[in-house]
Amino acid sequence: MNHIFIVEDDKEIARNLKLLLQAEGFTAATAPTKAAAAQMIEQETFDLALVDISLPDGNGYAVCTQIKQVQDIPVIFLTASDDEASVVTGLNMGGDDYITKPFRPRELIARIQAAWRKSGRSSAVFKTGGLSVDTKSGVVSKNGKELFLSALEYRLLLIFINNPKNIITREQLLRELWDAAGEFVNDNTLTVYIRRLREKIEDNPSKPLIILTVRGIGYRLGGSHVPQ
């Protein structure tokens, strides 16, 4: 569902990567160390991983091995060195591709798309309650009729469809929306976005079936959902 795992210890690089991916309509989560990556890969479902070879508590090769064992998704290595030994080792450890830092944003996106095509994961249509979301094209439709969402409404919807089995707290939503917008999103603003999104995607916004409220905690995706 276009949810990308970034394993990178450089905070500035990780932040810029996340912003780039969000601008392309993806969602992303980051881990700064091998240990943090090991924990997250057991807790979240991803569609591709960008893994720095050099980490403060180990190397990205071990992270790649665990990712392949747990989720078997494409792994693209990020490396500051383009020496042949590092590249060959990474590919032999199961990596699907590599890119040398500093990299051009469009090249990275192209390599991500290529890795998905090679792995047979290029389709990304999500359906639930008459709602259809094509995360490749960004087209959202309800009962066959295209809907027009604002950038933040679409981002909010992506958070839910990328976490179909999880309760998402308001604090988590605020952090995600703030990162995506590049500006402060407060609690009242979040309530407004939830209401506006429900008005567009629900048959009866006053009795929502797609985005459900979990009182005192946050929200979760309702109904049956089918990724294709």
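Student: At roughly what angle do the axes of helix α2 and α3 cross?

Tutor: Heads-up: this is a predicted model, where local features need pLDDT of at least 70, side-chain atom pairs count only at pLDDT 80 or more, and totals for chains, interfaces and linings use all residues. Residues are numbered from 1 along each chain as its sequence is written, and side-chain values use heavy atoms, with hydrogens and water left out. Axes are lines fitted to C-alpha atoms, for helices over the stretch in contact, with angles from 0 to 180 degrees between N-to-C directions. For α2 (residues 34-43) and α3, the axes come within 10 Å and cross at roughly 5°.

Student: Are α2 and α3 roughly parallel or antiparallel to each other?

Tutor: Helices here are DSSP runs of H or I with at least four residues, strands are E runs of at least two, and both are numbered from the N terminus. For the angle, under 35 degrees counts as roughly parallel, over 145 as roughly antiparallel, 65 to 115 as roughly perpendicular and the rest as oblique. That's why α2 and α3 come out as roughly parallel.

Student: How many nonpolar residues are in the contact of α2 with α3?

Tutor: Contact means heavy atoms within 4.5 Å, and on the α2 side that brings in Lys34, Ala37, Ala38, Ile41 and Glu42, facing Ala62, Val63, Gln66, Ile67 and Val70 of α3. Ala, Val, Leu, Ile, Met, Phe, Trp, Tyr, Cys and Pro count as nonpolar, Asp, Glu, Lys and Arg as charged, and the others, Gly among them, as polar. Sorted that way, there are 2 charged residues, 1 polar one, and the nonpolar count is 7.

Student: On to charges: how many salt bridges does a search of the whole structure find?

Tutor: The criterion is a side-chain nitrogen of Lys or Arg within 4 Å of a carboxyl oxygen of Asp or Glu. With that, the search of the whole structure gives a total of 10.

Student: Are Asp52 and Lys101 buried or exposed?

Tutor: Those two side chains meet in a salt bridge, 3.4 Å from N to O. The pair links distant parts of the chain, 49 residues apart: Asp52 sits in strand β3 (residues 48-52), Lys101 in the loop between β7 (97-100) and α5 (105-119). Buried means under 20% relative accessible area, exposed over 50%, and partly exposed in between, using a 1.4 Å probe and protein chains only. On that scale, both Asp52 and Lys101 are buried.

Student: Which peptide bond is cis, with omega near -5°?

Tutor: Look at Pro102, in the loop between β7 and α5. The cis bond runs from Lys101 to Pro102.

Student: Which residues do salt bridges that share partners join into one network?

Tutor: Start with Arg111 and Asp97, whose closest N and O atoms are 2.9 Å apart. Arg111 is in helix α5 and Asp97 in strand β7, 14 residues apart. Arg111 counts as partly exposed at 25%, whereas Asp97 counts as buried at 15%. The network consists of Asp97, Arg104, Glu107 and Arg111.

Student: Which residue takes a positive phi in the hairpin of β10 and β11?

Tutor: Two strands pair if DSSP finds at least two bridges between them, and β10 runs antiparallel to β11 (residues 145-147) over 3 bridges. Lys142 has Lys145 as its bridge partner in β11. The hairpin has 2 residues between the strands, and the one with phi near 50° is Asn143.

Student: What relative accessible area does Asn143 have?

Tutor: Most residues other than glycine have a negative phi. Asn143 is not a glycine, yet its phi is positive. Asn143 counts as exposed, with a relative accessible area of 59%.

Student: Which residue in the turn between β13 and β14 has a positive phi?

Tutor: Strand β13 (residues 211-214) and β14 pair in the antiparallel sense over 4 bridges, with Leu212 opposite Arg220. The hairpin has 3 residues between its strands, and the one with phi of about 80° is Gly216.
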